[in-house]
Amino acid sequence: MTDTIRAHIERKWFGDTPVLADLRLEVGPGEVVAVTGPSGCGKSTLLGILAGLDRDFRGTASRPAVVGMVFQEPRLLPWKSAAANIALAAPGLGRAGIEAALAAVGLAGQGELLPRRMSLGMARRVAVARALAVEPAALLLDEPYVSLDEDSVRLTRAAVAAYCARRRPAVVMVSHTPAELEGFADRVVEIRPIR
Amino acid sequence: MASRLAWQALSLLLLLTVWHLAARLVPAATLPPPGAVGVVLVRALVHGDLGHHLAITLGRVAVAFVLSLTVGTGLGVALGRLPLLDRVFDGWVVFFLNLPALVTAILCFVWFGLTEGAALAAVALNKIPSVVVTVREGARTLDPGYRDLARVYRFGGWRTLRHVVLPQLAPYLMVAARSGLALIWKIVLVVELLGRSDGIGFKLHLFFQNFDVAGILAYSLAFILVVQAIELLLLAPLDRKASAWRD
């Protein structure tokens, strides 16, 4: 099984509208690629293709077996606590492992909280903890820091950076903000809207 | 909570009073008063066969309930998730939804004989369409975002069903279960009356032939109380538990 994210997207449409065209991407272990571009240019669509969620395109895409993904919204199951959300994604982790995953994003002792009792910042941090808890060889981050307070950004970035230093996954991060990428991304891929 | 219980007790008392007053206006054989029915009920329970027939009918209700919920949920999810299947079979659902319970019961007994299987099939066939319609609505509202989440994190079929799909369907399943119980026991009585030699429906048939109104009311009342107890002690707490995360 590969440890590299590879994609060659010849064409991706939404109905009659082309969204992505002739895009090649290869991200190896330990490499961080940032994807930028204006709203609606297909950045999240690209992540969906890389994650294997969207197969309705012309081209090829492959990825490592274990993928961690932070969606644009936290996407926690609202009927499960923070700890249970992580446990569902990483069943072999055990109670101590889950507590450690939460502590890494500054949420030690908050495992029993239900998503509706969390702020957006906390929910995003749990989503990041979940993505890292599966020990992914590929990490896909869709604007993980957007609308977060300073503390949440700092904690989340630190957790992601620590994991990347330790496990060297292939990382693709979508971002609008160049400042977020400084010192983190090895390469930046800019997607332009198709005319 | 206490106030609600008090109102319910008051309402029940009012019903018994109206019943008692109405019973004084007509012959006792036509409408016996609540006290007389109560005596018949206790006597049938202690010395008679009420317990036996109650257990038989409850068993049929339980089997038909599980059968209807299981098959109806499976079909409802399939129709809710697969538009082509829904387009093909929507007419069937409407047809069976409008088929009277009496017709289904008669046809099942004619086709399959006066057997236990035919009785249970008749009840289930009557309830399945309404479960399908309710669950189909729920399946249409399943969040595709959670489906993607389950795929990325490789939950697999069983864990996706248990932790992602069923919690989203829970409110619809509870509606199907609670309305199901209310409907199924009534259909079971009809089926027993038509083609079984035991159960509350069979006993009601005997009481009807003897014009024994007290017996009819006592046996019916006993069954209503048991079904209410199931609703209050089993289904209502289950509903509260399933929706506790929303509080």
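Student: In what order do the five strands of the open sheet in chain A lie, and is the pairing parallel or antiparallel?

Tutor: In general, strands of a sheet pair through backbone hydrogen bonds, either parallel or antiparallel. In this predicted model, the open sheet of chain A runs β5-β6-β7-β3-β8, with parallel pairing. Strands are DSSP runs of E of at least two residues, helices are runs of H or I of at least four, and both are numbered from the N terminus. Two strands pair if DSSP finds at least two bridges between them.

Student: Which strands of chain A stand at the edges?

Tutor: β5 (67–70) and β8 (187–190) of chain A do; each has a single partner strand, so one side of each lacks a neighbour in the sheet. From one strand to the next the twist averages 15°. β8(A) pairs with β3 (residues 32–36) of chain A in the parallel sense over four bridges. Within β8(A), Arg187(A) is the bridge partner of Val33(A).

Student: What packs on the sheet?

Tutor: Helix α4 (residues 120–133) of chain A does, touching β5 and β6 (138–142) of chain A, and its direction makes about 170° with that of β5(A). Contact requires C-beta atoms, placed from the backbone, within 7 Å.

Student: How are two packed helices described?

Tutor: By the angle between their axes and the distance between the axes. Axes are lines fitted to C-alpha atoms, for helices over the stretch in contact, and angles between N-to-C directions run from 0 to 180 degrees. In chain B, α5 (residues 101–112) and α6 (residues 116–140) pack at about 150°, with axes 9 Å apart. α5(B) and α6(B) are therefore roughly antiparallel (under 35 degrees is roughly parallel, over 145 roughly antiparallel, 65 to 115 roughly perpendicular, the rest oblique).

Student: How do the residues of that contact divide by class?

Tutor: Into nine nonpolar, three polar and no charged. Ala, Val, Leu, Ile, Met, Phe, Trp, Tyr, Cys and Pro count as nonpolar, Asp, Glu, Lys and Arg as charged, and the others, Gly among them, as polar.

Student: Is Gly80(B) buried or exposed?

Tutor: Gly80(B) is buried, with 22 other C-beta atoms within 10 Å (20 or more means buried, 12 or fewer exposed, in between partly exposed, with C-beta atoms placed from the backbone). Gly80(B) and Arg140(B) are 60 residues apart in sequence but 4.9 Å apart in space, C-alpha to C-alpha.

Student: What conventions apply?

Tutor: Residues are numbered from 1 along each chain as its sequence is written, and chains are lettered from A and ligands numbered from 1 in the order written. Local features need pLDDT of at least 70, side-chain atom pairs count only at pLDDT 80 or more, and totals for chains, interfaces and linings use all residues.

Note on methods
Contact = placed C-beta atoms within 7 Å.
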